[in-house]
Amino acid sequence: MIKIHQNYPLKNSNSFGLESDANIFIEADDLGELITALKNSNIDLSNPLFLGTGSNIILSRPNIGTVIHATNRDVTILEESRDSVLIKCGAGKDWDEFVEWTVSRGYGGLENLSLIPGSVGAAPIQNIGAYGAEVALCVESVLAVDLSKLHQFTLSKEDCHFGYRDSQFKRSESSLWLVWEVIFQLEKDPRVNLTYKPLKEAFPENHRPDIREVREEVIKIRRSKLPDPAEIGNAGSFFKNPVLSACQAGLIRENYPDMPIYYHDPGTVKVPAGWLIEACGWKGFREDKVGVFPRQALVLVNYGGAEARDILDLAEKIVQSVKSTFGIKLEMEVRIV
Ligand code: EPU
């Protein structure tokens, strides 16, 4: 089925709760129908916005041209072997509902990514990650549609060029690719991933938790640290954790020995942006309608009625402050539209 709305309000379609309208808002759960409708209409497809649950964007314009919202939510087991299972999921499925579906059947791999807001289709775009895991570890391939040619194609995991909160789908040459389905390879006899220290420490020393216990613990940690977008407008981590050369990090640690570092690629380390922002005194800061979440400095929040400009002004002040204190330029993780 496909539905086409005109002048569609987006306030309830983005987790920051920002006001904006779409000229054309298309909801589609059938790819053939979507392609036919787009072929036979004069809908402007020069710069479409593919919107999932809007949990990682800032709508900075009062008016967005064409928005396409995939609502295909089917989950299908494609293949099963003794050790693993190949599962196809529609882009419109809620991410955490899909994770619950996999965990309840004993398929392992996604449990550390529990409760991340968003849709399945958005997961590979920024290679969602948390608690020692990234979705790239479990993506087998992605089925996408190129709207410039209105044809569908499959990208292997390698074609996706996954990196830290990064993938091929973020490149400008892929701006007209709509993710339609994601194929995951999951384990049937899963080994849990406890590389993230606070997660490991949540369990007694001699207890090897199963994926259900890991999911529950991750949900508990997330609820204790991160604001629920249904209650306070936010888009999760606002900035990426900067990657520095080991040498640059070493020099900064001469003055700030407490600065945590995590090993990244050889010769580089990742530094938690939340720590840098907190060290600059921003944690819990509030200015009228916007602020820095008191329990996680990496999250900017809309306390109600903020405009994109208010959030971006606060972000800019934080970037300047971290730059002048540490010489590190923070990059945004959220996407500005
Ligand atoms: N920290 C502080 N103050 C803060 C926040 C963090 O000092 O206010 C320091 C602490 O030392 C803490 C360390 O930063 O030990 C790491 O913090 P945390 O474990 O909360 O993770 P993060 O690096 O801040 C990343 C992801 C999150 C993900 C968590 C858990 C990025 C940009 N963010 O945050 O992802 O949930 O790890 O794995 O990589 C998201 O992308 O929206 C997101 C929430």
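Student: What should I keep in mind about the model and its numbering?
Tutor: The model is predicted, so local features need pLDDT of at least 70 and side-chain atom pairs count only at pLDDT 80 or more, while totals for chains, interfaces and linings use all residues. Residues are numbered from 1 along each chain as its sequence is written, and side-chain values use heavy atoms, with hydrogens and water left out.

Student: What makes Asn14 count as buried?
Tutor: Buried means under 20% relative accessible area, exposed over 50%, and partly exposed in between, with a 1.4 Å probe and protein chains only. Asn14 has 5% relative accessibility, so it counts as buried. Asn14 sits in the loop between strand 1 and strand 2.

Student: Which backbone nitrogen lies 2.8 Å from a polar atom of the side chain of Asn14?
Tutor: That of Leu18. A polar contact is a pair of N or O atoms within 3.5 Å; within protein, one must be able to donate a hydrogen and the other to accept it, and residues adjacent in sequence count only if both atoms are side-chain atoms.

Student: Which strand runs parallel to strand 2?
Tutor: Strand 5 (residues 63–70), joined to strand 2 by 7 bridges. There, Ile24 stands opposite Thr66.

Student: What makes strand 1 and strand 3 edge strands?
Tutor: The open sheet has 4 strands in the order 1-2-5-3, with mixed pairing. Strand 1 and strand 3 (49–50) each have a single partner strand, so one side of each lacks a neighbour in the sheet.

Student: Is Val67 buried or exposed?
Tutor: Val67 has a relative accessible area of 0%, so it is buried. Val67 belongs to strand 5. Its C-alpha atom is 6.6 Å from that of Leu51, 16 residues apart along the chain.

Student: Why do you say that the ligand lies between domain 2 and domain 3?
Tutor: Domain 2 (75–187) and domain 3 (233–336) both give residues to the shell around the ligand, so it lies between them. The bounds come from an automatic or database domain assignment. The C-alpha centres of these two domains are 27 Å apart.

Student: Which residues come nearest to the ligand?
Tutor: Tyr131, Tyr164, Tyr196, Glu278 and Glu333, out of 24 residues around it. A residue is near if one of its heavy atoms lies within 4 Å.

Student: What polar atom of Glu333 lies 2.7 Å from an oxygen atom of the ligand?
Tutor: A side-chain atom. Arg165 also brings a polar side-chain atom, at 2.8 Å from a ligand oxygen. For Tyr131, a backbone N or O atom lies 2.6 Å from a ligand oxygen.

Student: Which helix gives the largest share of the shell?
Tutor: Helix 6, with 3 residues.

Methods:
Helices (H or I, at least four residues) and strands (E, at least two) are DSSP runs, numbered from the N terminus. Two strands pair if DSSP finds at least two bridges between them.
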